[in-house]
Amino acid sequence: MDNTSSESAATPTIRITPEHETLLGQVKHVLITATDEDWEAAIAAAVPGVIVAGLQSTTGWVSKETGVPDPGLNRLISAEGTTNVTLALGHIEKKRSLYDEAENLAAHLTCLGAASVTFLKLGAFSVELSLRSQTAESRGKYLAALISRAAPTLGRAPKAEPVAAPIRSSIAPVTDSEAGITFTGADLTMQVIMEAAVRRLTTHKVVDDLRDPQGLSAEFTHDLEISVMTSNGIRPFKVPGVRDEDLQYPRRYLNRVPQGTSIVVATDVWVGKAIDAAIRAHHADEVVESPVFKRTGWKQIDGQWGFLSPTGFMTANGLTARAHSQLSDAYNDIGLLDLSAVTDNERTAALNTLAMSRELTNPNFWAGMWGPAIWCAAGMGVGAVAFMAGPKGCGKSTVMSGFTAHLSSAFAPAGRSMATVDGSVPNIGRLGSGLDGLFFAVDDSRKRTSRNGNEDQEKALERLIRCGYAGGHARHTVSAKNSRTGEWEQGVPDLSSPAILLVGEQIPDAEELDSSRERLYPIIMDRGVNIFASGNSKEFEALANNGLPALAFSFFIRWVALQIAKIGMDAWRKTWEEKHAKAVGFLSNIPVSRRVHEVAALVECGNLIWLEYLLEIEAITDAEREDLFRDIHAAVRATALFHGTNNLQSNEAPAWEPLLDALRASVAGGQTYVQDAGGPQSLEDLGFVAVTLEDHKKMLGVRRSGRGGNVDFLAFQPRDAAAILRMDPKYRTITEAALFQAFAPIAITDAGHKHKLVRINGLGVKCIAVAWTLFSTTGARTGE
């Protein structure tokens with residue numbers, strides 16, 4: 001009786017749920033797994049018509065004491081011989097020991113009367129890992145497909161695994177993952193020094209390319225697999241991020257696994273160094289080496305260009321784990337997505353972003369932010385800082401979160417994770433550290449209540465803006481985080497170049513930011529104007545929160561990597577630099593500074609890169625691209641004129657001034673033109689989208705020469721000007737009488753009249769006339 005009990009206790013058991021137990025003999029297909037994780041994942045997938053049975057391990061179907069096959073296998077095979085069995089024992093095609101075990105088990109099942117035995121070959125993946133890549137809803141269908149494609153034969157046997165000769169030296173023990181021990185000696189002299197087996201999966205070389213670009217003082221970390229004997233057999237646990245110097249201190253990584261504090265390690269003084277040596281020597285040729293850099297951005301690794309992010313290296317072929325970047329905790333949610341397991345269509349994600357832009361009532365609200373962000377992400381560096389300004393509660397933060405949602409779903413409107421300008425000059429150095437080639441948002445850049453608070457914030461903004469357009473000494477004197485101490489160090493060079501998107505209630509005055517103000521691209525949200533096409537933010541928030549923005553950005557980065565792979569990084573950058581130079585010349589007829597031209601051209605070209613991408617993936621047509629660019633071009637010209645001819649002071653402007661600004665913007669934006677002796681002028685062809693004013697223009701008025709030494713003037717009919725101004729919601733109720741009244745202080749009139757009679761196309765027309773210099777030059781603000 002005692003012998004029977006002893007033999008039963010030594011006999012392994014087959015795991016099967018009570019529900020599946022009742023189906024034995026009815027269901028004709030059985031899936032056999034060899035780990036707890038695989039068994040649990042297969043059970044959860046719930047494939048109809050399939051019973052899932054679990055072994056303790058690949059050898060768990062044979063008793064270690066008696067060598068007898070588990071009698072529990074008998075009940076899995078129907079007496080009628082109709083049961084089909086699929087074996088999922090692990091990397092069958094990779095490892096000889098698993099191959100042999102699968103072959104032996106298949107032979108035994110065939111002898112028991114199985115109708116067929118097939119083999120699930122998953123390469124480097126387990127059943128659990130394969131199912132983890134699917135959604136909960138699709139796992140059953142995915143597993144069913146795997147079973148249906150199981151191979152009827154094992155194929156050619158892999159090469160026999162080399163057997164490490166037992167090493168008797170105490171500094172080079174043997175790690176045995178099958179038994180879950182680390183030991184020295186051999187046979188009768190074997191001495192177990194640790195009740196766990198540890199092997200390296202990946203070794204990461206951390207290079208601080210901010211301060212040590214050559215990696216002379218690189219740090220190393222390891223991802224370990226720790227195999228431990230549990231009540232359910234040998235179980236491996238993954239422990240990432242173990243420091244190189246900690247390999248000789250087993251307790252530091254053993255305690256990170258379940259019940260790790262109970263794992264016994266010998267206490268001899270030499271054991272730590274011996275275990276360290278064993279880990280380094282064990283299957284060293286199989287260890288994956290992965291470089292880690294302190295910055296994100298475009299890099300060339302092993303001769304291949306790609307974008308480095310915390311989640312991996314995005315190349316033309318997709319995301320790989322060959323390298324990744326390391327960011328501060330503030331931005332640990334940023335990362336590119338692995339597109340290999342994505343079932344959503346690339347066009348769907350891109351059209352979702354396009355829908356977000358169309359949900360805003362003014363094309364400048366989207367284009368002004370998106371242009372600098374895409375220009376930077378496409379590897380072109382930085383050159384502008386976008387600033388979205390508007391009254392409290394107008395929706396600025398919601399719109400901005402829609403942009404940052406492209407970096408991570410955590411930054412969508414539901415989370416609204418953005419940095420805040422807190423008025424501290426030293427703290428401003430933390431923003432964007434290591435974010436090369438990406439963009440981030442800074443909220444709450446409003447005026448402070450105290451004089452000192454304002455001065456501090458002005459200095460902080462000045463430093464941030466200069467960093468954002470790669471200008472000035474401040475770019476090289478921001479802070480960086482010390483990886484050893486975790487503290488931020490002041491004055492450490494950070495050569496990262498992120499695109500910076502600012503949000504605030506008011507754009508700083510000219511004297512506060514000096515020349516840096518010209519590097520801002522302003523997006524002004526006026527009070528009382530609804531910025532959402534649907535009337536509220538719900539539609540925009542739904543588009544930003546559905547996860548597609550981050551997917552669209554990852555697809556875009558992969559597309560850029562493909563373009564670079566085709567022509568090379570130098571040619572890619574040269575192509576767009578040339579287009580930017582042409583765009584600067586194209587905007588040069590706007591009477592503003594060269595810097596304003598450059599910023600406006602950058603906004604246009606960044607959007608053009610995005611439109612090129614949309615066109616190539618067939619998300620838009622050629623005609624749609626031209627229409628989209630025409631709207632962007634008009635918005636950019638109007639913004640450049642406004643920004644370059646106004647100092648954005650908060651003092652009250654004359655009543656006629658905003659009206660004249662709006663009319664001037666309509667000409668700069670291409671909606672209208674002024675007729676003179678030379679006739680209407682066409683815009684040049686930028687080389688990517690042809691835009692001509694004649695296709696959609698409306699005449700504002702005429703330019704005439706004064707008589708008797710009087711100045712040239714612009715003459716326009718009040719009804720035409722009112723129609724143009726009413727296109728702006730601010731002026732939708734303006735009347736001709738209101739125009740006469742507003743322009744009365746500066747109007748050139750005929751004697752005794754409030755208007756001037758001007759001949760237009762042979763007819764005498766009653767017009768409002770203003771000095772041409774007042775309309776066309778930067779003297780518009782002062783009247784000079």
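Where in the chain is confidence lowest, and where is it highest? Confidence is lowest in helix α1 (residues 2–10), at a mean of 41, and highest in helix α15 (residues 548–567), at 96. The score is pLDDT, the predictor's confidence in each residue, from 0 to 100. Helices (H or I, at least four residues) and strands (E, at least two) are DSSP runs, numbered from the N terminus.

This is a predicted model, in which local features need pLDDT of at least 70, side-chain atom pairs count only at pLDDT 80 or more, and totals for chains, interfaces and linings use all residues. Residues are numbered from 1 along each chain as its sequence is written, and side-chain values use heavy atoms, with hydrogens and water left out.

**Confidence**

The chain has a mean pLDDT of 80. Of its residues, 81% reach 70 or more. Over residues 471–480 the pLDDT is below 50, and this stretch has 31 contacts in the model beyond near neighbours in sequence. Contact means heavy atoms within 4.5 Å. Residues 677–695 also have pLDDT below 50, with 34 contacts beyond near neighbours in sequence. Where pLDDT is low, the predicted coordinates should not be read in detail.

**The parallel sheet**

Four strands make an open sheet with parallel pairing, in the order β2-β1-β3-β4. Two strands pair if DSSP finds at least two bridges between them. β2 (51–54) and β4 (116–119) are the edge strands. Each has a single partner strand, so one side of each lacks a neighbour in the sheet. Neighbouring strands are turned by 25° against each other on average, direction ignored.

| Strands | Sense | Bridges |
|---|---|---|
| β1 (residues 29–33) and β2 | parallel | 4 bridges |
| β1 and β3 | parallel | 5 bridges |
| β3 and β4 | parallel | 4 bridges |
| β5 and β6 (residues 181–184) | antiparallel | 3 bridges |

Leu-31 stands opposite Val-52 in β2. Ile-32 has Leu-87 in β3 as its bridge partner. Thr-86 is bridged to Thr-118 in β4.

Is strand β3 (residues 84–88) largely enclosed or open? In β3, 4 of the 5 residues are buried, so the strand is largely enclosed by the rest of the structure. Buried means under 20% relative accessible area, exposed over 50%, partly exposed in between (1.4 Å probe, protein chains only).

Helices join the picture here. Helix α3 (residues 36–45) lies across β1 and β2, and runs at about 165° to β2. Axes are lines fitted to C-alpha atoms, for helices over the stretch in contact, and angles run from 0 to 180 degrees between N-to-C directions. β3, helix α4 (residues 96–112) and β4 make a right-handed β-α-β unit. Right-handed means that, with the strands pointing away from the viewer, the path from the first strand over the helix to the second runs clockwise.

**The antiparallel sheet**

A further open sheet has 3 strands in the order β5-β6-β7, with antiparallel pairing. β5 (174–176) and β7 (191–194) stand at its edges. Each has a single partner strand, so one side of each is left without a neighbour in the sheet. The twist from one strand to the next averages 40°. Asp-176 stands opposite Ile-181 in β6.

**Arg-235**

Arg-235 lies in strand β10 (residues 233–243). Its relative accessible area is 33%, so Arg-235 is partly exposed. Not counting residues up to four places away in sequence, Arg-235 touches Glu-37, Ile-226, Ser-227, Val-228 and Thr-230. Arg-235 and Glu-225 are 10 residues apart in sequence and 9.9 Å apart in space, C-alpha to C-alpha.
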